[in-house]
Amino acid sequence: MSNPIVTGLMSYGMSGRLFHAPFLTTNPGFSLKAVVERHRQKMAADYPAIVSYLTVDDLLNDPEIELIIVNTPNFTHFDLAQRSLLAGKHVLIEKPAAADAAEVKELYDLAKAKNQHVMVYQNRRWDSDFLAVKEVIESGRLGRLTEVHFRFDRYKPILSPKPFKETKDTPINGLVYDLGPHIIDQAMLLFGRPLSFNKVTASQREDSMIIDYFNFQLTYPDELRVFLTGALLIPEPLPSFVVHGSLGSFIKNRCDVQEIQLDAGMSPIDAAYGIEPAGCEGKLVTIGPDDKKNVEWVPSYKGNYSHLFEAVYHTIRNNALYPITEEHISWQMELLGA
C-alpha cells in the first residue's frame with residue numbers, strides 16, 4: 001500500500017467520526033485529505049491536518065482527491081454519488097446505495113463508463129457475531145439448514161429529534177432502509193437471492209409516521225426459510241442469530257463491540273479492538289449418532305471493519321473484485337423497495 005488513495009468525506013457526523021475517519025487515518029493505503037462542513041468545522045479538532053470545504057463542489061473540484069465517501073442522509077446518496085462519478089472520482093456509498101434498483105444500475109453503469117469504481121459500504125459483514133455465524137454455517141456442522149433468524153431488536157420508543165428522519169415525506173426513510181440493508185446483505189452473502197419472499201412492515205411507536213418494524217420471510221431451495229426482523233419497540237431483545245439445521249442449532253447474541261470501542265476513542269489498530277468480551281460465546285447444539293445433545297460454546301473471530309477498507313484499496317489500485325457486488329446490491333434493493 002505504498003500508493004495511498006487520497007480521500008474526501010462528504011460529512012463528519014457520527015458515521016464519519018466512527019466508521020470512516022479512524023480507518024482512513026490508520027490504514028497506510030489511504031490519505032484522508034478533506035471533508036465538507038457547511039456550518040461548524042468540527043473535524044479539525046480531531047484531525048488538525050484536514051481541509052474543511054464549505055460545499056460539495058469544492059470537494060469534488062479538488063484534483064488530488066481520488067475517492068469520495070458518501071456518508072450523508074439516505075435521500076442524498078444517489079445524487080451525491082452520481083455527481084462524484086461525473087467528477088471523475090471513485091465512490092464508496094453508505095447503505096442504502098440508492099432509492100431503487102434502477103438508480104443502482106444507473107450508478108454502476110456510469111462508473112463503468114467513466115472507468116471508475118462505485119462501492120457500497122456494508123461494514124457488518126465484518127461484525128464478530130456474524131463472522132461466528134458464517135463460520136458455523138460454512139463448517140457444515142448444522143447439516144442441511146431448515147430455518148434461520150437474523151434480528152435487529154432495539155428499544156427506542158422516542159422519535160428522533162431530527163425531523164427528516166421521522167417524516168414519511170422524506171424518501172428512503174424508516175427502519176427498513178436503516179437496519180434492513182445490514183441483515184439483508186448478511187443473508188444474501190450466505191444464501192444468495194431467494195426464490196421468493198414476503199415482507200411485512202408496521203409503524204409501532206406512538207405518533208410514528210415511518211416504518212419502524214419489518215419482517216422478511218425468504219424462501220430458498222430445499223425448504224430453507226430465512227426470517228429477517230428489525231424493530232424499535234423490543235424491551236427484551238431475542239437472540240440476534242438463530243440457525244437451525246438437520247444436525248444442530250446455533251444461537252448467537254449481537255456482541256460486536258466495534259462501534260462502542262470507536263465511540264470511546266479506541267483506534268482500530270489497538271490490540272483489543274474488535275474482540276468480544278467473555279460470556280458472549282455462541283451456543284452450538286449438535287445431535288450425535290446416539291441422538292444425544294452435545295453443547296459447545298463457540299468464541300467469535302475478531303471483528304474488524306478494516307477489511308472493508310482493504311477491499312476498497314485493492315479494488316481501486318489493483319482492480320480486484322469488490323466483495324459487495326452489483327448483484328448483491330440489486331438483490332438487496334428488490335427487498336427494500338418491495
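**Note on strands and salt bridges**

1. Strands S11 and S12 form a hairpin, with two residues between them. Strands are DSSP runs of E, at least two residues; helices are runs of H or I, at least four residues; both are numbered from the N terminus. The model is predicted: local features need pLDDT of at least 70, side-chain atom pairs count only at pLDDT 80 or more, and totals for chains, interfaces and linings use all residues. Residues are numbered from 1 along each chain as its sequence is written, and side-chain values use heavy atoms, without hydrogens and water.

2. S11 (residues 241–245) and S12 run antiparallel, joined by five bridges. Two strands pair if DSSP finds at least two bridges between them. His244 stands opposite Ser249 in S12. On S12's link to S13 (residues 282–287), there are four bridges, again antiparallel. Here Gly248 stands opposite Thr286.

3. Side chains alternate along S12 (residues 248–252). Gly248, Phe250 and Lys252 point to one face and are buried. Buried means under 20% relative accessible area, exposed over 50%, and partly exposed in between (1.4 Å probe, protein chains only).

4. The whole structure has 20 salt bridges. Each is a side-chain nitrogen of Lys or Arg within 4 Å of a carboxyl oxygen of Asp or Glu. In one of them, Asp263 pairs with Arg17, with the closest N and O atoms 2.9 Å apart. Asp263 lies in helix H8 (residues 258–263) and Arg17 in helix H1 (residues 14–24), so the pair ties together parts 246 residues apart in sequence.
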